[in-house]
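Here is a friendly walk through one protein model, going from its inner spaces out to its sheet and loops. Please keep the 3D view open as you read.

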Amino acid sequence: MRPWARACNCRHVREFRIETPQADLDDLRDRLRRTRWPEPATVDGWTQGVPLDYLQELCAYWADGYDWRRCEAEINARPQIRTVLDGGADDTVDVHALHVRSRHENALPLILTHGWPGSIVEYLAVIDDLVDPPDPADAFHVVIPSLPGFGFSGKPRLPGWGIERIATAWAQLMDRLGYDRYGAQGGDWGSMITAMLGTGAPENVVGIHLTMPLAEVPPDEERRPLSREEKKGMLDAKKFRRFGTGYSAQQSTRPQTIGYALTDSPVGQCAWIVEKFWDWTDCAGRPENTIRRDRLLDNVMTYWLTGSAASSARLYWESYGKTRYDLVEVPTGATVFPHEMRRLPRHWLERRFTDLRMLNHPEVGGHFASLEQPEVLVDDIRTFFRMVR
């Protein structure tokens with residue numbers, strides 16, 4: 001019996017392995033070598049987008065130096081499943097997930113949820129530390145699903161797969177795996193889905209940990225003076241809204257249109273994603289300063305090989321600007337890194353997360369916590385869940 005099967009109570013959970021046809025890798029290399037490049041930007045740096053010389057260098061390495069089989073083997077070394085979920089509605093999606101059980105009997109199940117333009121690749125570096133920690137009392141059984149329309153999950157065929165429905169599907173997934181008491185963690189869209197899971201399944205969720213906790217602006221009578229760091233967070237968010245939201249405007253209004261370009265051009269897909277790793281990480285101007293080049297391309301490959309540019313962008317069409325900030329009463333912890341694009345004042349968060357037990361602000365790091373600062377993230381996850389186990 002496979003390790004994951006010990007927790008599974010449903011015959012509809014199937015084992016899965018990634019098996020990329022060599023023809024797909026040959027086609028990618030051919031497309032990269034035949035790229036039709038634009039002229040350079042009229043200014044230096046990244047202010048008009050990814051610089052031409054940077055992207056040409058990265059994609060030359062992608063064509064002739066990068067090895068997808070290494071990443072494929074790394075993922076396949078972990079138990080994986082697929083199972084059909086409906087999220088409480090008619091349309092179904094065949095959801096993919098890593099499911100890695102701890103050897104420690106009393107481990108707490110933990111579902112980890114990525115966002116866009118992330119993937120399960122984000123969490124590969126933290127699995128071992130979560131599953132087999134120095135202190136067995138900190139152990140987790142780890143479940144890392146690919147969002148519907150992302151990576152190795154199926155693509156929704158009908159509208160309706162927004163964050164609330166995904167949260168419902170995650171509750172179905174954990175039940176199907178035999179877990180009736182578990183924790184949840186997430187960043188980006190994963191933070192919002194995790195918060196919804198805490199609202200929708202409080203009898204099952206012992207606590208949630210977020211790296212991008214969001215809440216509504218308080219009414220004037222409930223606002224308090226902001227600290228210097230909180231004021232800086234507000235200024236950074238304003239700058240992000242002004243200069244950093246072009247991608248979300250496109251994906252939330254015309255995801256199909258951008259999908260054609262990104263599904264056809266690997267260079268386009270790479271630029272669309274890597275720009276965010278430049279903008280959203282604490283990288284001092286170059287993504288590879290904080291995340292190694294191979295790992296950046298591993299993440300891009302989960303979009304390219306599965307043709308999920310349009311289907312992943314569609315999550316914005318489903319959910320952007322439509323999120324409800326329902327009260328979350330389950331115990332909550334948050335780790336908000338200094339380069340996170342939205343860093344809200346504590347009293348804003350406390351209005352929504354009524355049992356906010358931990359709010360940590362590390363000195364370095366950005367939006368992709370598990371890639372940039374895996375040790376800090378693991379330590380904070382352990383610290384928080386000690387409070388609620």
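The lining of the second largest cavity has six nonpolar, three polar and no charged residues. In this classification, Ala, Val, Leu, Ile, Met, Phe, Trp, Tyr, Cys and Pro are nonpolar, Asp, Glu, Lys and Arg are charged, and the others, Gly among them, are polar. This is a predicted model, in which local features need pLDDT of at least 70 and side-chain atom pairs count only at pLDDT 80 or more, while totals for chains, interfaces and linings use all residues. Residues are numbered from 1 along each chain as its sequence is written, and side-chain values use heavy atoms, with hydrogens and water left out.

A cavity here is a set of points, on a 1 Å grid over the protein atoms alone, where a 1.4 Å probe fits but cannot get out; lining residues have an atom within 4 Å of a point. Grid points are joined across faces, edges and corners, and the volume is the space filled by probe spheres set on the points. The structure holds two cavities of 30 Å³ or more, compared here:

| Cavity | Volume | Lining by class |
|---|---|---|
| Largest | about 100 Å³ | five nonpolar, seven polar, two charged residues |

Among the residues around the second largest cavity are Trp 116, Gln 251, Leu 262 and Tyr 303. Helices H10 (266–280) and H12 (309–319) each supply at least two lining residues, and H12 gives the most, with three. Helices (H or I, at least four residues) and strands (E, at least two) are DSSP runs numbered from the N terminus. The largest cavity has 14 lining residues, of which Glu 122, Gly 187, Thr 211, His 367 and Ala 369 are the closest to its centre.

Now for the sheet. Nine strands form an open, mixed sheet in the order E1-E2-E3-E5-E4-E6-E7-E8-E9, where two strands pair if DSSP finds at least two bridges between them. Its edges are E1 (14–15) and E9 (356–360), each pairing on one side only. Strands E6 (182–186) and E7 (205–210) are parallel and share five bridges; Gln 185 has His 209 of E7 as its bridge partner.

Helix H6 (189–200) packs on the sheet and touches E4 (108–113), E6 and E7, with its direction at about 160° to that of E7. Contact means heavy atoms within 4.5 Å. Axes are lines fitted to C-alpha atoms, for helices over the stretch in contact, and angles run from 0 to 180 degrees between N-to-C directions. Helix H15 (374–386) runs at about 150° to E7, lying across several strands, including E5 (140–145) and E8 (332–335).

Parallel strands E8 and E9 are joined by four bridges, and Thr 335 stands opposite Asn 360 in E9.

Two backbone details remain. Most residues other than glycine have a negative phi, and most peptide bonds are trans. The bond from Trp 116 to Pro 117 is cis, with omega near 0°, and Pro 117 is in the loop between E4 and helix H4 (127–131). Asp 188, in the loop between E6 and H6, has a positive phi near 55°.

Definitions and conventions. On a 1 Å grid over the protein atoms alone, a cavity is a set of points where a 1.4 Å probe fits but cannot get out, and a pocket is an open set with protein on both sides within 12 Å along at least five of seven lines; lining residues have an atom within 4 Å of a point.
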